[in-house]
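Here is a short briefing on one hairpin and the fold around it. Look at the model first, then read on.

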Amino acid sequence: MTLLVAGDLDQTLIFSPTAAARGPDRPHRVVEVLDGRVISLMSDETESGLLELDRLAVFVPTTTRARRQYERLDLPTRPRYAVVASGGGILVDGEPDLDWADSVASRLHDVSSPVAALREVFDGYRDREWLLRIRDADDVFLVAAVDADRLSADELAHVASACDGHGWRALHQGRKLYVLPHALDKAAAVAHVAARVEQDTGVTPGLLAAGDTLLDWPMLCAAERGWVPAGSELARLGRSAPHLTRTAQAGLAAAEEIVAAWLEHAAVGTPDA
Ligand SMILES: [Mg+2]
């Protein structure tokens with residue numbers, strides 16, 4: 001059986017130095033530097049595990065990163081398929097899947113205001129102390145840098161409701177506020193990749209997944225088996241399901257546990273092993 005393994009990247013397989021420090025120290029290397037600053041780390045064991053996984057299964061990085069943020073990562077493999085912009089884009093051999101881009105554009109058009117309308121909403125918050133900057137991610141959603149200490153629950157609820165009125169949602173994660181159309185979904189993008197794999201191989205692939213935030217939740221729910229890192233947003237929210245496993249350790253060691261579990265299933269060739 002073919003297995004499709006959908007793995008979120010940040011705080012699931014790669015970690016910021018701060019997030020890595022929440023778990024045990026593991027031998028690792030830097031996979032992302034920006035303006036001379038170390039942004040992301042991957043453990044050596046995760047790296048060698050992903051290389052092995054590439055031979056046994058269809059590994060699909062499934063990230064909220066915009067395409068250029070994904071491309072600047074120094075990953076051990078460049079898998080054939082990658083989901084970027086939280087499902088807003090699929091890369092096939094590094095190039096955008098244009099069928100998927102069309103289908104995202106039409107779904108967005110049906111249920112959500114265009115991104116320009118949300119830029120206007122945030123223009124209205126320009127003088128708020130919590131809003132540091134806001135930028136586009138691949139023209140499909142917005143990411144705001146926020147001062148979390150100054151963003152009250154009331155203000156966040158106000159922002160969320162303004163977004164909801166446009167068919168968008170606001171998800172606060174630490175220093176970032178993700179503003180995404182309701183129609184944008186990693187699970188739908190992974191299903192599209194699964195359909196392409198099925199076309200190529202004639203076999204419906206089984207699905208394994210891992211992720212740390214609410215943006216990963218629908219994808220985890222769609223998988224036959226899924227893994228959630230200890231100490232992650234989903235773990236803190238107490239999200240669980242019978243087919244989901246929470247890792248024992250946080251940080252770089254969580255990624256090692258996840259990749260080891262994927263390899264075990266891939267070696268047997270079934271998600272139910
Ligand atoms: Mg993540």
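Strands β8 and β9 form a hairpin with 3 residues between them. Aspartate 138, in the turn, has a positive phi of about 50°. This is a predicted model: local features need pLDDT of at least 70, side-chain atom pairs count only at pLDDT 80 or more, and totals for chains, interfaces and linings use all residues. Residues are numbered from 1 along each chain as its sequence is written.

**Strand pairing**
- Strand β8 covers residues 131-137 and runs antiparallel to β9, with 6 bridges joining them.
- Strands count as paired if DSSP finds at least two bridges between them.
- Alanine 137 has phenylalanine 141 in β9 as its bridge partner.
- β9 is also joined to strand β11 (residues 176-181), antiparallel, by 4 bridges.
- Valine 143 stands opposite tyrosine 178 in β11.

**Burial**
- Strand β9 (residues 141-146) is largely enclosed by the rest of the structure, because 5 of its 6 residues are buried.
- Buried means that 20 or more other C-beta atoms lie within 10 Å of the residue's own; exposed means 12 or fewer, partly exposed is in between, and C-beta atoms are placed from the backbone.
- In the protein, buried residues make up 44% of the 273 residues.

**Whole fold**
- The protein has 10 helices and 14 strands.
- These are DSSP runs numbered from the N terminus: helices are H or I, at least four residues, and strands are E, at least two.
- The C-alpha trace spans about 55 × 40 × 40 Å along its principal axes.
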